[in-house]
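Here are a few exercises to work through with the model open beside you. Try each task before you read its solution.

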Amino acid sequence: MQKISMDQWDRAPIYRHFSRMSNPFYTVSFPVEISPLRDYCRKNGLSFYLCLTWLITKAMNQIENFRYTIRDGEVWLLDGRRPSFTDLRPGEELFRIVTVDMEEDLISFCRRAKAISDSQDSFLEYCRETDNLIHISCVPGIELLSTTNARDFSDPAAKDSNVPAVSWGNYRQTDRGLELVLCMELNHRFVDGLHVARFTEALNTLMGNL
């Protein structure tokens with residue numbers, strides 16, 4: 001982890017501009033072609049949800065701006081983020097939030113994430129809720145086009161969070177291929193549209209290399 005010097009940080013003017021706002025968050029949604037991922041999951045008997053969770057985390061960790069965080073009023077660059085995802089067991093209506101460490105190998109990650117999810121009985125393990133997460137969720141049964149996330153803005157520190165939130169729903173066949181819409185909520189103090197585009201490029205490259 002690296003501390004950012006505000007005097008030498010070229011983003012400091014943008015950071016200060018959006019820091020004056022009570023709500024610096026914005027949402028963006030865009031389609032992603034996921035045929036290679038769907039085929040890979042079917043071939044290897046893996047969870048599409050967990051595979052996409054791994055891909056999103058790996059792609060996001062390649063983009064520096066997604067890894068900034070604020071601690072005690074100072075900006076730091078994290079070494080990496082790890083996924084914290086919602087999970088709903090078959091036949092249940094109450095979801096859980098499962099946080100796992102990132103792994104370099106996709107198949108190993110899926111197996112370990114499933115084992116942790118299967119064994120977790122609590123809604124959320126609060127001790128694992130840190131500032132180096134990515135909040136990930138999937139809304140079953142619908143095509144999700146946009147979303148926002150719950151935040152407690154009565155807490156002055158709420159706007160300091162740079163934990164990205166990523167959601168999606170069902171995928172569908174289009175004339176461009178098999179697509180789902182990724183919905184992201186991000187903090188403009190750190191992440192701009194340029195960085196979203198770089199993330200999308202990294203994600204597409206990772207899927208293409210499966």
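For sorting residues by class, Ala, Val, Leu, Ile, Met, Phe, Trp, Tyr, Cys and Pro count as nonpolar, Asp, Glu, Lys and Arg as charged, and the others, Gly among them, as polar. The model is predicted: local features need pLDDT of at least 70, side-chain atom pairs count only at pLDDT 80 or more, and totals for chains, interfaces and linings use all residues. Residues are numbered from 1 along each chain as its sequence is written, and side-chain values use heavy atoms, with hydrogens and water left out.

**Exercise 1.** Describe the lining of the second largest pocket.

Step 1. A pocket is an open set of points on a 1 Å grid over the protein atoms alone, where a 1.4 Å probe fits, with protein on both sides within 12 Å along at least five of seven lines; lining residues have an atom within 4 Å of a point.

Step 2. The lining has 23 residues, and Tyr 49, Thr 86, Asp 87, Leu 88 and Arg 89 lie nearest the centre.

Step 3. Two or more residues each come from helix H3 (48–61), E5, helix H4 (106–119) and E7. Helices (H or I, at least four residues) and strands (E, at least two) are DSSP runs, numbered from the N terminus. H4 provides the largest share, five residues.

Step 4. Now sort by class: 13 nonpolar, four polar and six charged.

**Exercise 2.** Is Asn 187 buried or exposed, and what does it touch?

Step 1. Find Asn 187 in strand E10 (residues 177–187).

Step 2. Asn 187 has a relative accessible area of 2%, so it is buried (under 20%, with a 1.4 Å probe and protein chains only).

Step 3. Leaving out residues up to four places away in sequence, Asn 187 touches Pro 24, Phe 25, Tyr 26, Lys 159, Asp 160, Ser 161 and Asn 162; contact means heavy atoms within 4.5 Å.

Step 4. For Ser 161, look at the backbone oxygen: the side chain of Asn 187 reaches it at 2.8 Å.

How values were computed: Buried < 20%, exposed > 50% of the residue type's maximum accessible area, 1.4 Å probe, protein only. Polar contact = N/O pair within 3.5 Å; in protein donor to acceptor, adjacent residues only side chain to side chain.
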